[in-house]
Amino acid sequence: MNEATATARPIRELVLYFLRLGLLGFGGPVALVGQMERELVTERGRLTREQMREAIAVCQSLPGPLAIQVGIYISYLRGGFWGAWAGGWAFIFPNFVIVAALGALYVHFGGLKPVTGIFYGVSPAVIALILHSCYRLAKLGMEDWLQWMLAAVCFGVTLLLQAEVALLFVGAGVVGILYYGTLWQRASATPLLAAAPLAPLAPIAPAASASTLGKLLLFFLKAGALTFGSGLVIVPFLQQGVVQQYGWLGERDFLIAVAVGMISPGPVVITATFVGYLVAGFWGSLAATVGIFLPSFILVLVAAPLLARHRSNRNVQGFVKGAYAAAIGTILGACVLLGRIAIGDWLTILIALGGLIALFRWKVSNPLLMAVTAAAGLIAFPLLHPAWVMVK
């Protein structure tokens, strides 16, 4: 097999894999990362446990949506620079099509009332998916008492502040360097400062920055570049800008947008696509989608070569271990915070517990769990009328 064929085949495989994952992957960032770990490490052997652990820790330490960044990072490892672009956008494309279509239905047919019922049933199942996936990720990368202590501290801080704090990941990484690394031996090179052979990348400036499309693009570029962690962290940032700062949407429309992001396959931040469609139609959805995801490509393609070059350095490994522990703690903290919104009565408690049992005991697929709980929500919501589900 010549070099061109060897390069083309991994990229084609990456595109097909991430198209399928983007179409069928449910449950938010942790569930999607857990699915990648299960399929690419355990079942297919395409990645080692160490590579997957690196991907999660480094991407959790960067601003932007976790699942997409892990997908881009994996695509970079498997297919290089162009593989990262191909795999990443293949991951996003099915979500964009589905959510833009839902936005069109919402605009042209007077709202998506069944979404409220679906949101009611699916939300507690999402909590179960997050907890199950977090368990798998903890088994993958949590090795000793220090990592568990760092995770506990980050869990407590996340609950106390009701937000993920970027400095937690940096601080945990520094602790990891001090405990696991070899700083006192003064390595001959400074790996984190080494230059990476990358072509210059920069987002294309909007043609008219004062237009609605330009404002959408710039706002979502900022959201993708400055918010750390999963979609659970980006959602409050979006609410402040979309509802309070610009007044593009009312509170109820925004909550429906979040619900669509949660029940759709792929990352929760695909909410941006729905918001963009409500504000400015198809081109608004495209601008918002490019804006929210483009910083992830740039950040990962800068960080990935640095890490790939110095993967064996003990200080780098120490930072990865510390940041990974912080990721586990903050994800669990965010899960508790989200659970306060998703679980509010006896039925949602039963759905969450039943989802956990089904995932651990019978290993049901994410799409099947989403379909069953969505149907349960559609049936139960008009009967129970739970007023706590949606702000009117």
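The structure holds 18 aromatic pairs. Rings of Phe, Tyr and Trp (its six-membered ring) pair if their centres lie within 6.5 Å; planes under 30 degrees apart count as stacked, over 60 as edge-to-face and the rest as tilted. The model is predicted: local features need pLDDT of at least 70, side-chain atom pairs count only at pLDDT 80 or more, and totals for chains, interfaces and linings use all residues. Residues are numbered from 1 along each chain as its sequence is written, and side-chain values use heavy atoms, with hydrogens and water left out.

**Aromatic rings**

- A pair of aromatic rings is described by the distance of the centres and the angle of the planes.
- Tryptophan 145 and tyrosine 179 have ring centres 5.8 Å apart and planes at 85°, so this pair is edge-to-face.
- The pair joins distant parts of the chain, 34 residues apart: tryptophan 145 sits in helix 6 (residues 145–161) and tyrosine 179 in helix 7 (residues 166–180).
- Helices (H or I, at least four residues) and strands (E, at least two) are DSSP runs, numbered from the N terminus.
- Tryptophan 145 is exposed, at 55% relative accessibility, and tyrosine 179 is partly exposed, at 44% relative accessible area.
- Buried means under 20% relative accessible area, exposed over 50%, and partly exposed in between (1.4 Å probe, protein chains only).
- Tyrosine 179 also pairs with tyrosine 180: the ring centres are 4.9 Å apart and the planes are at 90°, so the pair is edge-to-face.
- Elsewhere, ring pairs connect Phe81, Trp82, Trp85, Trp89 and Phe297 into a cluster.

**A charge over a ring**

- Tyrosine 180 is buried, with 12% relative accessibility.
- Lysine 321 lies over the face of tyrosine 180, at 4.6 Å from the ring centre.
- A charge sits over a ring if NZ of Lys or CZ of Arg is within 6 Å of the ring centre and within 35 degrees of the ring normal.

**Positive phi angles**

- Lysine 363 is not a glycine, yet its phi is positive, at about 50°.
- Lysine 363 is placed in the loop between helix 13 (346–362) and helix 14 (366–384).
- Lysine 363 is exposed, at 68% relative accessibility.
- Histidine 385 is not a glycine either, and has a positive phi of about 50°.
- Histidine 385 belongs to the segment after helix 14.
- Histidine 385 is exposed, with 58% relative accessible area.
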